[in-house]
Amino acid sequence: MSEELDPVVARAVAVLKAEPDFGAGFDRRVMDAVRAEPRPGTVSAWWASLRRPREVSISPLGAFAIAAGLVALMLGSVIVASSWRFGIEQGAGGVASGGGADLRPVQFVLIMPEARTVTLVGDFNDWEPDGLPLQRSAAEGVWSVTVPLAPGRYRYSFVIDGTRWYADPGAPRAIEDDFGRPNSILTVGEQGS
């Protein structure tokens, strides 16, 4: 059997040892292709490198990190868009917005006999606890303040004695803020509505 393979092997060896014939003008074709390549460091070389197909492999952990980053990016854009929309709904600047033309006086009243001080905080004063102090009226335990507000929707709360946050019992409750504090909702309508 080895005698039969010997002529086959001999022919294969002869083909492999022979000079390959790439046809006439092979050297010219190779050099033309080299000259057609863009010069390194140029914009065309950079663009050509971007267009070349590549094989990319990502580990499961890398895929998870990319997915988590995309989710965080989408949530961030939703939060920014909703806070921007909420800022438009409530009116620019709250208490001092609108140059006085669209401001409506709103009276806030709280019955809290045991309080020594009561302040009003909310979207309209950037939640500053000292911002809008309520005045104790002649009636025992009744506190009030009138605030000019532009039409819009506001979240607010009372701060009792500088430490305790208290939702307005006479207004709809809002979802608690990020700090777990109780809030109320106030909607100020347009004039004549």
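## Surface patch

Patches are made of residues with over 30% relative accessible area and no salt bridge, like charges being joined within 9 Å and nonpolar side chains (Val, Leu, Ile, Met, Phe, Trp, Tyr) within 5 Å. Accessible areas come from the Shrake-Rupley method with a 1.4 Å probe, and for residues only the protein chains shown count as cover. This is a predicted model, in which local features need pLDDT of at least 70 and side-chain atom pairs count only at pLDDT 80 or more, whereas totals for chains, interfaces and linings use all residues. Residues are numbered from 1 along each chain as its sequence is written, and side-chain values use heavy atoms, with hydrogens and water left out.

On the surface, a nonpolar patch is formed by F22, F26, V30, M31 and V34, which together have about 440 Å² of accessible area. One of these residues, V30, belongs to helix α2 (residues 26–36), where helices (H or I, at least four residues) and strands (E, at least two) are DSSP runs numbered from the N terminus. V30 has a relative accessible area of 35% and is therefore partly exposed, given that buried means under 20%, exposed over 50% and partly exposed in between (1.4 Å probe, protein chains only).

The structure holds seven salt bridges, each being a side-chain nitrogen of Lys or Arg within 4 Å of a carboxyl oxygen of Asp or Glu. One of them joins the side chains of R35 and D32 (3.3 Å, N to O), and both residues lie in helix α2, three residues apart, or about one turn of the helix. R35 counts as exposed at 60% relative accessibility, while D32, at 38%, counts as partly exposed.

A further salt bridge is formed by R52 and E37, whose closest N and O atoms are 3.6 Å apart. This pair links distant parts of the chain, with R52 in the loop between α3 (43–51) and α4 (60–90) and E37 in the loop between α2 and α3, 15 residues apart. Both count as partly exposed, R52 at 43% relative accessibility and E37 at 47%.

## The open sheet and R136

Strands β1, β5 and β4 make an open sheet of three strands in the order β1-β5-β4, with antiparallel pairing. Because β1 (104–111) and β4 (135–136) stand at the edges and each has a single partner strand, one side of each is left without a neighbour in the sheet. Two strands pair if DSSP finds at least two bridges between them, and two bridges join β4 to the antiparallel strand β5 (residues 142–149).

Within this pairing, R136 has W143 in β5 as its bridge partner. R136 also forms a salt bridge with E140, the closest N and O atoms being 3.5 Å apart. Of these two residues, R136 is partly exposed at 38% relative accessibility, whereas E140 is exposed, with a relative accessible area of 61%.

Five of the five residues of strand β2 (residues 118–122) are buried, so β2 is largely enclosed by the rest of the structure. V118, L120 and G122 point one way from the strand, and T119 and V121 point the other way, all of them being buried.

Five bridges join β2 to strand β6 (residues 152–160), the two running antiparallel, and V121 stands opposite S157 in β6. Strand β3 (residues 132–133) also runs antiparallel to β2, to which two bridges join it, and T119 has P133 in β3 as its bridge partner.
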